[in-house]
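Welcome! Here is a short briefing to read beside the sequence and the model.

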Amino acid sequence: LRFDRGGAAAGVELRARRAAAPDLVHRTRTDAKGVWRFEHVGAGTWDVTVRRGDGREQSLGAFTAGQPDTEDTLVPGSRVEGQLRDGDAGVPTGVGGLRFVLVRLPAAETPGETPFESTEDGTFVLDDVPAGVYEARLLEETHVFDPARPRLEVPPSGRVELRPWFVLPGRTVEGRVEGPRETRIQGAQVLLVPDATQQPPPGGWPPARPVTTDAQGRFVLRGVRPAPGYRLAVSAAGHAATVTAPFDVTGPAPTTLPTVLLATGWRLEVRARAPGGVPRPGVEIRVVPADHPVTPSEPAWGMLARRAVTDAAGEAVLEDLPDGDVRVLATAPDVTDVEDLVPYPPSGDVRAWTATLYPAPGLEGRILSAGGAPLPDLRVRAVPRGDRRTRAVAVEPGGRFTFEGLGGDPVDLVVVRPKAGEGLAVARL
């Protein structure tokens with residue numbers, strides 16, 4: 001193994017795996033001449049990778065045990081030097097012992113498996129980091145980056161001297177959850193929700209993880225970034241989920257919140273009917289709070305939203321609903337969605353709601369050439385702008401196409417030709 005600019009790639013870690021058994025990993029390092037060797041690995045083909053300085057693995061390709069020696073070229077990465085400093089200290093003070101990983105952007109990529117750790121004075125040196133744009137993420141809950149996760153651009157080669165990355169001790173938020181008559185609730189789920197009106201830091205808010213209350217109903221959230229406007233989403237079995245009033249997390253002292261009170265959850269009994277009163281099974285029912293609507297992409301969705309599917313009798317029951325009015329959505333294939341605001345029951349116990357689902361409208365049309373002749377071998381896709389699935393149909397010999405049950409959302413029609421040829425382009429109508 002040699003570097004592209006000359007010289008042996010000494011001391012580089014390599015790994016060998018088989019596709020059929022990726023968890024079995026053999027490791028070795030190149031010697032002073034860049035020579036690498038895996039011994040006693042068994043016959044067959046092995047995938048060999050080089051572990052780079054950002055913690056990722058770069059493939060060298062597939063090798064067969066016993067094949068003649070090969071020579072590969074490695075493009076060396078850059079050397080990155082920096083320091084983690086205490087953002088609360090009045091004088092520059094390094095923070096040692098903090099582990100972090102580099103996430104190569106776009107952030108959908110997973111971080112390298114090997115974390116890095118700052119030395120006693122907060123400095124760190126990373127060798128052989130491939131070119132790219134990275135975001136640093138702390139693995140410790142004791143600290144957070146200030147003001148946001150740092151990003152760095154690494155050139156193909158050379159030395160990168162970073163400005164200090166400042167960190168703050170993560171703040172602590174604590175409190176208690178109680179039910180009616182001051183009953184302390186054990187096992188309640190407590191989720192910290194950032195203020196939706198606040199501009200998120202670069203890279204977004206750190207992933208939220210709920211904590212569970214102890215036998216005394218107490219909870220502690222650690223490693224919280226100082227910021228205004230946090231809320232808590234709280235839920236527990238048999239109780240109505242709630243969202244607290246906003247609060248700020250500021251100084252180093254723990255933020256102690258007022259007791260979170262959960263009311264007894266109420267129940268919504270749903271009946272789904274086709275026109276004429278015929279029960280409609282398989283209808284998906286979604287319920288979200290009217291005052292704090294959430295979407296499936298939000299962390300609080302699983303705590304505040306409820307979902308059920310109607311049974312053979314066209315009925316479903318949703319329990320432990322949030323304290324207050326709710327929005328209900330009934331949806332099923334080939335019908336028009338039904339959405340309604342259901343007020344909180346005066347008794348605080350149960351309310352019934354019936355949804356009548358009408359067949360969704362269809363769509364038909366013709367696809368012709370510029371000269372008016374039918375075009376064979378075409379397909380038309382209907383792409384809803386809502387959350388329904390994409391549908392596709394073949395165009396009939398006369399150029400006609402028909403969709404049934406598209407629902408009430410606007411759709412984009414895309415005409416495609418399964419086989420290339422005749423210079424026909426994809427058309428979006």
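**A first look at the model**

The second largest pocket has a lining of 21 residues, and Trp36, Arg37, Pro68, Asp69 and Thr70 lie nearest its centre. This is a predicted model, in which local features need pLDDT of at least 70 and side-chain atom pairs count only at pLDDT 80 or more, while totals for chains, interfaces and linings use all residues. Residues are numbered from 1 along each chain as its sequence is written, and side-chain values use heavy atoms, with hydrogens and water left out.

**The second largest pocket**

- Strand S4 (45-51) and strand S5 (57-64) are the elements that give two or more residues to the lining of this pocket; strands (E, at least two residues) and helices (H or I, at least four) are DSSP runs numbered from the N terminus.
- On a 1 Å grid over the protein atoms alone, a pocket is an open set of points where a 1.4 Å probe fits, with protein on both sides within 12 Å along at least five of seven lines, and lining residues have an atom within 4 Å of a point.
- The space in the second largest pocket is about 580 Å³, where a volume is the space filled by probe spheres set on the grid points, which are joined across faces, edges and corners.
- Its lining divides into 11 nonpolar, five polar and five charged residues; Ala, Val, Leu, Ile, Met, Phe, Trp, Tyr, Cys and Pro count as nonpolar, Asp, Glu, Lys and Arg as charged, and the others, Gly among them, as polar.

**Aromatic pairs**

- The structure holds 10 aromatic pairs, meaning rings of Phe, Tyr and Trp (its six-membered ring) with centres within 6.5 Å; planes under 30 degrees apart count as stacked, over 60 as edge-to-face and the rest as tilted.
- Phe100 and Phe124 make an edge-to-face pair, because their planes stand at 65°, with the ring centres 5.1 Å apart.
- That pair links distant parts of the chain, with Phe100 in strand S8 (residues 99-104) and Phe124 in strand S10 (residues 123-129), 24 residues apart.
- Phe100 also forms an edge-to-face pair with Trp165, at 6.0 Å centre to centre and 80° between the planes.
- This second link joins strand S8 to strand S15 (residues 165-169), where Trp165 sits, 65 residues from Phe100.
- Phe100 is buried at 0% relative accessibility, and Trp165 is buried at 8%; buried means under 20% relative accessible area, exposed over 50% and partly exposed in between (1.4 Å probe, protein chains only).
- One aromatic cluster is formed by Phe100, Phe116, Phe124, Phe145 and Trp165.

**Two tyrosines in loops**

- Tyr344 is in the loop between strand S31 (338-342) and S32, and it counts as partly exposed because its relative accessibility is 28%.
- Beyond its neighbours within four places in sequence, Tyr344 is in contact (heavy atoms within 4.5 Å) with Trp266, Asp323, Gly324, Asp325 and Arg351.
- The C-alpha atoms of Tyr344 and Asp325 are 4.6 Å apart, and the two residues are 19 residues apart along the chain.
- Tyr358 is in the loop between strand S32 (350-356) and strand S33 (363-366).
- Not counting residues up to four places away in sequence, Tyr358 touches Pro275, Val335 and Thr336.

**The whole chain**

- The chain has one helix and 38 strands, and buried residues make up 40% of its 429 residues.
- Of the contacts with a separation of 6 or more, 62% are between residues 24 or more positions apart.
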